[in-house]
Amino acid sequence: MTAYNSLEIAQRYPVSGVGMGGRTTHHARGFFDLATAGVALATGDVVALFNLPTRARVIGGFIKSDTLGAGASFNVGDAANPSRYFNGSAVGVAGGVDRALAATGTDYLTPTKGLVSLTLAGGAAATTGQVVVYLAYINEEPA
């Protein structure tokens, strides 16, 4: 048998929670109210939500939406990949919560500070209703 060490054990994080990033969970939340904004989102419309800092490692998240219309699906991502965190989430069709983070966004480490945006990927949206996007992350120390 051969034994191996994780990155954390190999002297990078000898004790969980120690270091610049502290492995403390941080949270980013974006809220959008269609009525307050006075809009009806159309396919391809983009809502800027929040920024993630450099070296943020995404560990979870959700989209919570009111019922916004038939076919109302969302992508959530960044400039490099507009569907990095959520891809085609249909939570806007009947309302509810979607916690199915895309594989491309799970454990993703941001290379630089970047804007996270929501895009209406398809369908018509109502003129009232709210959407919340939440991402949880930890800050990694520089390599």
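The largest nonpolar core of the chain has 27 residues, and those with the most contacts inside it are L52, V76, Y85 and L135; a nonpolar core is here a set of buried Ala, Val, Leu, Ile, Met, Phe, Trp, Tyr and Cys residues joined through side-chain atoms within 4.5 Å. At least two residues of this core come from each of β1, β2 (46–52), β3, β4 (73–77), β7 and β8. The model is a predicted one, in which local features need pLDDT of at least 70 and side-chain atom pairs count only at pLDDT 80 or more, whereas totals for chains, interfaces and linings use all residues. Residues are numbered from 1 along each chain as its sequence is written, and side-chain values use heavy atoms, with hydrogens and water left out.

The secondary structure comprises three helices and eight strands, arranged along the sequence in the pattern α-β-α-β-β-β-β-α-β-β-β; helices (H or I, at least four residues) and strands (E, at least two) are DSSP runs, numbered from the N terminus. Of the contacts (heavy atoms within 4.5 Å) with a separation of 6 or more, 77% are accounted for by residues 24 or more positions apart.

Four strands form an open sheet with antiparallel pairing, in the order β1-β8-β3-β6, where two strands are taken to pair if DSSP finds at least two bridges between them. The edge strands, β1 (25–33) and β6 (96–98), each pair on one side only. Neighbouring strands of this sheet are turned by 20° against each other on average, direction ignored, the axes being lines fitted to C-alpha atoms and the angles running from 0 to 180 degrees between N-to-C directions. Within the sheet, β3 (residues 56–65) pairs with β8 (residues 130–139) in the antiparallel sense over nine bridges; G60 stands opposite A136 in β8, and S65 stands opposite V131 in β8. The antiparallel pairing of β3 with β6 runs over three bridges, and here K64 stands opposite V97 in β6. Eight of the 10 residues of β3 are buried, so this strand is largely enclosed by the rest of the structure.

Three salt bridges were counted under the criterion of a side-chain nitrogen of Lys or Arg within 4 Å of a carboxyl oxygen of Asp or Glu. R57, D107 and E140 are linked in a network of such bridges. In the pair of D107 and R57, the N to O distance is 3.6 Å; because D107 lies in the loop between β6 and β7 (114–122) and R57 in strand β3, the pair ties together parts that are 50 residues apart in sequence. D107 is partly exposed, at 46% relative accessibility. The closest N and O atoms of R57 and E140 are 3.0 Å apart, and this pair links distant parts of the chain, with R57 in strand β3 and E140 in the segment after β8, 83 residues apart. E140 is buried, with a relative accessible area of 7%. A further salt bridge joins R84 and D78, whose closest N and O atoms are 2.6 Å apart; both R84 and D78 are buried.

Terms used
Buried means under 20% relative accessible area, exposed over 50%, partly exposed in between (1.4 Å probe, protein chains only).
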